[in-house]
Amino acid sequence: MTTPGAVVDRSAARDWVDNAVRLIEADAQRSADTHLLRYPLPGDWGIALYLKDESTHITGSLKHRLARSLFLYALCNGWIREGTPIIEASSGSTAVSEAYFARLLGLDFVAVVPRRTSPAKVALIEAQGGRCHYIDRPPEIYTEAQRLADELGGCFMDQFTNAERVTDWRGNNNIAESIYSQMRLERHPVPEWIVVGAGTGGTSATLGRYIRYRRHRTRLAVVDPENSAFFGGYETGSADYTTGMSSRIEGIGRPRVEPSFVPEVVDRMVRVPDAASIAAMRHASAALGRRVGGSTGTNLWGAFGLIAEMLAAGREGSVVTLLCDGGERYADTYFSDEWVAAEGMDLAGPLAVLEKFTATGRWPR
């Protein structure tokens with residue numbers, strides 16, 4: 001008589017995973033696409049600037065797309081099962097969005113965040129059912145998140161490694177496909193430039209790959225704030241470039257070049273001073289009649305410079321950038337004159353540049 005071999009059967013866990021994927025897909029079906037706003041520029045310039053308004057996601061930021069993709073990726077890889085605690089290293093917005101999806105699936109969520117993360121962001125994470133685990137040294141955020149995941153038997157989502165992997169860059173309703181679809185009936189449907197910041201590097205990787213896959217003539221510019229390593233890494237060609245310092249512009253900028261950043265698909269990098277980001281954020285908030293966040297200011301500073309370059313060359317066309325999140329989250333920081341002064345920033349110079357640009361289309365070298 002033959003003795004049967006040993007069997008390990010985990011198929012029962014598939015039912016929970018199948019339902020979890022269904023819940024996330026159903027949530028996506030209930031969500032409309034985000035708007036593409038026209039930024040007010042003088043009509044005689046012949047250049048149109050558009051803002052992809054990611055603040056209209058249910059969790060209020062661009063990171064909602066990333067969080068959805070990260071959860072689907074982890075579920076389909078078998079990393080998340082019923083009862084798995086979810087751990088993320090985050091400067092704020094990704095944690096807010098991941099906390100939302102964790103609660104949707106009935107899972108505990110812990111965000112490992114720098115201690116200087118704004119109280120408003122912390123409150124949003126907690127409002128979505130998550131909790132925060134603070135660190136004092138930003139470079140330790142990765143190892144502490146992995147340590148905590150090991151301790152709790154959880155899944156470290158690791159957005160900074162997985163962001164460029166989790167999105168289908170060829171289409172499938174990603175942000176790049178959405179932008180080009182919404183631009184289809186505009187006077188200049190194929191943008192001269194798309195301008196984004198880098199937090200994980202996932203958005204720029206998706207856009208850069210899609211542009212090449214569809215053979216568009218669009219060029220991709222990535223803007224980077226002070227203290228961030230992406231600009232230095234791009235300039236030197238070093239994937240190991242570090243600054244060891246955290247960015248004051250939440251949502252973008254990192255102390256190291258993250259694994260998800262793909263410099264080969266970026267056509268131009270622009271370093272933006274923090275005072276310029278905040279000045280542009282305030283300038284745009286007045287122009288749009290609504291508050292936008294600091295990373296949107298960084299995007300616009302880069303976009304304005306490119307538009308001035310097009311004007312000087314006598315070129316018409318379109319430029320697209322992102323409205324990453326709303327400014328309500330930054331009432332006590334970027335919109336606070338006291339906070340700006342305490343950070344040692346003077347907005348007078350950048351504001352003068354913006355006023356001159358609005359009046360003349362000119363930009364300093």
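## Burial and aromatic contacts in a predicted model

Of the 365 residues of the protein, 56% count as buried. The model is predicted. Its fold comprises 13 helices and 10 strands. The radius of gyration is 21 Å, close to the 21 Å that the globule rule gives for 365 residues, so the protein is as compact as a globular protein of that length. The C-alpha trace spans about 90 × 45 × 40 Å along the principal axes. Among contacts with a separation of 6 or more, 74% are accounted for by residues 24 or more positions apart.

Aromatic side chains form 15 pairs in the structure. One of them joins Tyr142 and Phe160: the ring centres are 5.8 Å apart and the planes stand at 75°, so the pair is edge-to-face, the class for planes over 60 degrees apart. This pair links distant parts of the chain, with Tyr142 in helix 5 (residues 141-152) and Phe160 in helix 6 (residues 159-162), 18 residues apart. Tyr142 counts as buried because its relative accessibility is 10%, and Phe160 likewise counts as buried at 3% relative accessibility.

One aromatic cluster is formed by Tyr39, Trp45, Trp301, Phe304, Phe357 and Trp363.

Arginine residues also lie over the faces of aromatic rings, as the table shows for Arg170 and Arg291.

| Arginine | Aromatic ring | Distance from the ring centre |
|---|---|---|
| Arg170 | Trp169 | 5.8 Å |
| Arg291 | Phe335 | 4.0 Å |

Notes. Residues numbered from 1 in each chain as written. Predicted model: local features only at pLDDT ≥ 70, side-chain atom pairs only at ≥ 80, totals over all residues. Heavy atoms only, no water. Phe/Tyr/Trp six-rings, centres within 6.5 Å; stacked < 30°, edge-to-face > 60°. Helix = DSSP H or I, 4+ residues; strand = E, 2+ residues; numbered from the N terminus. Buried < 20%, exposed > 50% of the residue type's maximum accessible area, 1.4 Å probe, protein only. Lys NZ or Arg CZ within 6 Å of the ring centre and 35° of its normal. Rg over C-alpha atoms; globule rule 2.2 N^0.38 Å. Contact = heavy atoms within 4.5 Å.
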